[in-house]
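Below are some notes for a colleague who has not seen this chain before.

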Amino acid sequence: QLQLVESGGGLVQPGGSLRLSCAASGFTYYYDIGWFRQAPGKEREGVSCIGSSAGSTRYADSVQGRFTVSRDNAKNTAYLQMNSLKPEDTAVYYCAAARRLNYCSAYVWPRTADLDYWGQGTQVTVSS
């Protein structure tokens, strides 16, 4: 059983930055980690993912060039660095872990059915 806890959300002005963390209770080396978000009245969408060995990363078109995903397997923690934030980035952000091979690939991510564990989410609000 893996427990995921997100942190780092908050209120930031447009153009600002935040770094989200996803800390796991157990050993995450064999899990791909996905980041998702859900804004009020909208469906949950994939934001980014990173492979178990950090060898692969993917981004939604809407965040490409602004967000950077990373992980530190020694600390069982994944990160999402968010720069140049926009009001439309406002949402609850979730991290999730997938045990299946190559989840963070073009033919799987951001499919949620393959995810085994989810965090509780952290609110990000971008507003002046």
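Which residue in E5 stands opposite glycine 34? Point 5 gives the reply.

1. Basis. This is a predicted model, in which local features need pLDDT of at least 70, side-chain atom pairs count only at pLDDT 80 or more, and totals for chains, interfaces and linings use all residues. Residues are numbered from 1 along each chain as its sequence is written, and side-chain values use heavy atoms, with hydrogens and water left out.

2. Disulfide count. A disulfide here is a pair of cysteine sulfur atoms within 2.5 Å. The count by this rule is 2 disulfides. Counting bonded cysteines along the chain, the pattern is 1-3, 2-4.

3. Cysteine 22 and cysteine 95. These two cysteines are joined with an S to S distance of 2.1 Å. Their link is right-handed, with 75° about the S-S bond. It connects distant parts of the chain, 73 residues apart: cysteine 22 lies in strand E3 (residues 18-24) and cysteine 95 in strand E9 (residues 91-98). Strands (E, at least two residues) are DSSP runs, numbered from the N terminus. Both cysteine 22 and cysteine 95 are buried; the term means under 20% relative accessible area, with a 1.4 Å probe and protein chains only.

4. Cysteine 49 and cysteine 104. The S to S distance in this disulfide is also given as 2.1 Å. The link between cysteine 49 and cysteine 104 is right-handed, with 85° about the S-S bond. Distant parts of the chain are again linked, 55 residues apart: cysteine 49 belongs to strand E5 (residues 45-50), while cysteine 104 sits in the loop between E9 and strand E10 (117-118). Cysteine 49 has a relative accessible area of 0%, so it is buried. Cysteine 104 is buried too, because its relative accessible area is 4%.

5. Strand E4 and E5. The reply to the opening question is cysteine 49, which stands opposite glycine 34. The two strands E4 and E5 are antiparallel and pair over 5 bridges; pairing requires that DSSP finds at least two bridges between two strands. The hairpin of E4 and E5 has 6 residues between the strands, and glycine 41 in this hairpin takes a positive phi near 80°.

6. Strand E4 and E9. E4 also runs antiparallel to E9, to which 7 bridges join it. Here arginine 37 stands opposite tyrosine 93 in E9.

7. Cover of E4. How many of the 7 residues of strand E4 are buried? Strand E4 (residues 32-38) is mostly covered, with 6 of its 7 residues buried.

Key
Helices (H or I, at least four residues) and strands (E, at least two) are DSSP runs, numbered from the N terminus. Buried means under 20% relative accessible area, exposed over 50%, partly exposed in between (1.4 Å probe, protein chains only).
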